[in-house]
Amino acid sequence: MFNIQSSIGLRILILAAMLAVFLIPINLVSSLIFERQSRAGQAMEEIGSKWGGKQNISGPFLVIPYQKLEEREEENKDGKKVIVKVTVYEEMYFLPEKLDLEARLNAEKRKRGIYDAVLYNGNLMFQGIFRRPTVSDFPWNTENIFWGDAKVVVAISDSKGIGSDIELILAEKEKTFQPGASLRNFQSGVHLKTNLLELKSPLTFQIKIPIQGSDSMHLVPVGKESKIRISSNWKDPSFEGNFLPKERNISENGFQATWESSYFSRNYPQVISSDEGGTLDIMESSGCGVRLIVPVDHYLKLERSIKYSILFIAASFALFFLLEILGGKILHPLQYLMIGFAMIVFYVLNLSLSEHLGFVISYTVASLAVSSLIFYYATSVLQSKKRGLIAGVYYLGLYSFLYVVLSSEDYALLLGSVAVFVFLALLMHLTRKINWYSFGSKKGEAESS
């Protein structure tokens with residue numbers, strides 16, 4: 001029968017089995033991180049649902065309804081397919097020739113329980129000009145164009161964030177917006193019904209809309225020539241969308257960013273019919289904007305750190321196995337289990353503290369607590385204060401290295417591969433003279449000392 005104290009193969013097999021078992025609590029901790037992250041997201045969405053959510057602004061559009069005659073294939077009473085003419089009502093979207101859009105946002109952090117959400121309020125200011133539409137802009141089978149039912153529309157994704165002090169000057173005349181986008185493809189926003197025949201050229205517009213929302217804002221460059229500017233007092237922006245800002249300035253007092261877009265840098269024309277749903281979807285998703293992030297996303301760092309957990313537990317087992325060999329004190333598998341669970345507790349402790357203290361402080365407290373516990377435990381089970389101190393310092397080194405990896409995402413793979421190589425080289429160097437066949441015997445202990 002194999003003796004667990006003297007059989008090196010059996011002990012390695014037991015340690016490998018324990019490593020596999022530790023995948024279960026690691027997955028449970030990973031699920032816990034995901035659950036807390038989802039709960040934080042739900043809290044942010046709940047705050048935004050009452051204040052104003054993520055805002056996506058498209059427009060302004062000049063929309064003109066029209067009537068056209070289409071030929072369709074249908075079955076008659078006898079079951080034969082015949083061609084019939086059907087009257088269809090559609091809307092034609094005319095985009096601005098020039099658009100100058102500016103968003104000035106005042107952001108602040110709001111709390112719901114232990115979770116933070118970024119809310120903003122400010123003003124959207126539009127300036128530009130429409131080209132006057134002509135009959136040639138409509139399909140060849142158009143029967144009637146309803147010039148008197150034209151609309152100017154600004155689509156806003158969350159209408160709860162629209163303020164009441166809205167200003168509109170169209171063709172040098174002051175007008176009043178009505179609530180709702182009143183379009184088939186855009187339901188939320190504001191619109192103005194007007195008789196296009198009564199408007200004098202040029203069709204210039206000046207619009208001011210008070211706006212509030214949360215987390216992010218995206219603006220669609222619908223102009224043939226578009227210039228978009230976003231400024232805010234928030235100092236941690238993340239620029240998003242189809243293209244990055246041409247100019248940006250970020251300081252402790254906030255940020256300013258400018259985007260410029262031309263007709264040839266987009267994938268949709270100046271005139272779009274409402275039956276071209278795919279083209280309108282492309283237009284709506286072509287926005288640029290900014291997300292106002294909360295600095296140091298501890299959930300993301302915790303999610304990344306848990307990926308290294310099985311490697312760190314394996315490194316811990318290797319350390320204590322090496323201390324067994326060099327010190328002549330054989331540990332029981334249950335003692336290895338307690339060491340592994342101490343490392344699992346590190347992630348739970350870090351998660352719970354980071355929601356209250358932030359990632360840096362919680363990581364420091366958790367790593368010091370676990371390293372001190374391992375020092376205390378190793379000193380007792382190895383019956384050597386020196387080896388216990390080696391174990392404690394070793395753990396501090398592991399956690400310090402992990403923090404460097406988490407802080408240097410671009411170099412994480414390089415740092416990890418170098419560290420694994422150095423650790424393996426050190427392990428091979430320290431065990432190069434050990435006679436593994438006499439492990440646990442007096443002869444083996446003498447050779448390894």
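Q: What does Arg36 touch, not counting residues up to four places away in sequence?
A: Arg36 touches Ile114, Tyr115, Tyr299, Leu351 and Glu355, where a contact means heavy atoms within 4.5 Å. This is a predicted model, in which local features need pLDDT of at least 70, side-chain atom pairs count only at pLDDT 80 or more, and totals for chains, interfaces and linings use all residues. Residues are numbered from 1 along each chain as its sequence is written, and side-chain values use heavy atoms, with hydrogens and water left out.

Q: OK, and is Arg36 buried or exposed?
A: Arg36 counts as buried, because its relative accessibility is 18%. Buried is under 20% relative accessible area, exposed is over 50%, and partly exposed is in between (1.4 Å probe, protein chains only).

Q: Which helix is Arg36 in?
A: Arg36 lies in helix α2; helices are DSSP runs of H or I with at least four residues, strands are runs of E with at least two, and both are numbered from the N terminus.

Q: Which other residues of α2 are buried?
A: Besides Arg36, the buried ones are Pro25, Ile26, Val29, Ile33, Ala40, Ala43, Ile47, Gly48 and Trp51.

Q: How far apart are the end C-alpha atoms of α2?
A: They are 42 Å apart, which agrees with the 42 Å that 29 residues (23-51) should span. The expected span is 1.5 Å times one less than the number of residues.

Q: What comes just after α2?
A: Gly52, which takes a positive phi of about 150°.

Q: Switching topic: how many residues of helix α4 are buried?
A: Seven of the nine residues in α4 (298-306) are buried, so the helix is largely enclosed by the rest of the structure. Among the buried ones are Tyr299, Lys301 and Arg304. Tyr299 also turned up among the contacts of Arg36.

Q: Which residues touch the most other members in the largest nonpolar core?
A: Phe61, Phe126 and Met283, in a core of 64 residues. A nonpolar core is a set of buried Ala, Val, Leu, Ile, Met, Phe, Trp, Tyr and Cys residues joined through side-chain atoms within 4.5 Å. Another core, of 46 residues, lies apart from that one and includes Ile26, Phe359, Tyr363 and Ile374.

Q: What is Met283 in contact with, leaving aside neighbours within four places in sequence?
A: Phe61, Leu95, Phe186, Val220, Val222, Tyr268 and Ile272.

Q: Last one: where does Ala103 lie?
A: Ala103 lies in strand β3 (residues 98-112). Ala103 is buried, with a relative accessible area of 0%. Not counting residues up to four places away in sequence, its contacts include Asn123, Met217 and Arg229.
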